[in-house]
Amino acid sequence: MSKSKVMHLSNGSTLWMHNKKLHREDGPAIYNARTKVSKFFLNGEQCSLQIWLHKAGKYHLSSKQVTAMLLREGIEDAQ
């Protein structure tokens, strides 16, 4: 049975874990509210926003949400 967990750390970071690995399919697996830094992970491996969108994000986000993420990251095109 797979197990997911969200951890809120005292430094302002939030981590999403799945089966004891950093993993999130509907957003970044690490987010720091203080610094506004996001990092994307799938099955414990860090990946770029473009790779994450290709492998997982496109199944969970609307095109409007994808565009907003790309603009926030300063990326013009995910293709």
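User: What are the ground rules for the numbers?

Analyst: This is a predicted model, in which local features need pLDDT of at least 70, side-chain atom pairs count only at pLDDT 80 or more, and totals for chains, interfaces and linings use all residues. Residues are numbered from 1 along each chain as its sequence is written, and side-chain values use heavy atoms, with hydrogens and water left out.

User: Why is α1 called roughly antiparallel to α2?

Analyst: Helix α1 covers residues 49-60 and helix α2 residues 63-73, and they pack at an angle of about 160° with their axes 11 Å apart. Helices (H or I, at least four residues) and strands (E, at least two) are DSSP runs, numbered from the N terminus. Axes are lines fitted to C-alpha atoms, for helices over the stretch in contact, and angles run from 0 to 180 degrees between N-to-C directions. Angles under 35 degrees count as roughly parallel, over 145 as roughly antiparallel, 65 to 115 as roughly perpendicular and the rest as oblique. The angle is about 160°, therefore α1 is roughly antiparallel to α2.

User: What is the handedness of the crossing of α1 and α2?

Analyst: The crossing of α1 and α2 is right-handed. That label applies if the near helix is turned clockwise from the far one by less than a right angle, and left-handed applies if anticlockwise.

User: Which residues of α1 meet which residues of α2?

Analyst: From α1 come Leu 49, Trp 52, Leu 53 and His 60, and from α2 come Gln 65, Val 66, Met 69, Leu 70 and Glu 73. By class, the residues of this contact divide into six nonpolar, two polar and one charged. Ala, Val, Leu, Ile, Met, Phe, Trp, Tyr, Cys and Pro count as nonpolar, Asp, Glu, Lys and Arg as charged, and the others, Gly among them, as polar. Contact means heavy atoms within 4.5 Å.

User: Why is Trp 52 called buried?

Analyst: Buried means under 20% relative accessible area, exposed over 50%, partly exposed in between (1.4 Å probe, protein chains only). Trp 52, in helix α1, has a relative accessible area of 0%, so Trp 52 is buried. Leaving aside neighbours within four places in sequence, its contacts include Arg 24, Glu 25, Phe 40, Leu 42, Gly 57 and Met 69.

User: How do you know that Gly 57 is buried?

Analyst: Its relative accessibility is 0%, so Gly 57 counts as buried. Gly 57 also has its place in helix α1 and touches Glu 25 and Trp 52, not counting residues up to four places away in sequence. Gly 57 and Glu 25 are 32 residues apart in sequence and 5.9 Å apart in space, C-alpha to C-alpha.

User: What makes Gln 65 partly exposed, and what makes Leu 70 buried?

Analyst: Gln 65 is at 40% relative accessibility, so Gln 65 counts as partly exposed. Leu 70 is at 8%, so Leu 70 counts as buried. A polar atom of the Gln 65 side chain lies 2.8 Å from the backbone nitrogen of Ser 62.

User: What makes the link between the side chains of His 23 and Glu 25 a polar contact?

Analyst: A polar contact is a pair of N or O atoms within 3.5 Å; within protein, one must be able to donate a hydrogen and the other to accept it, and residues adjacent in sequence count only if both atoms are side-chain atoms. The side chains of His 23 and Glu 25 are joined by such a contact at 3.2 Å. His 23 is found in the loop between β3 (21-22) and β4 (30-32), and His 23 is buried because its relative accessible area is 11%.
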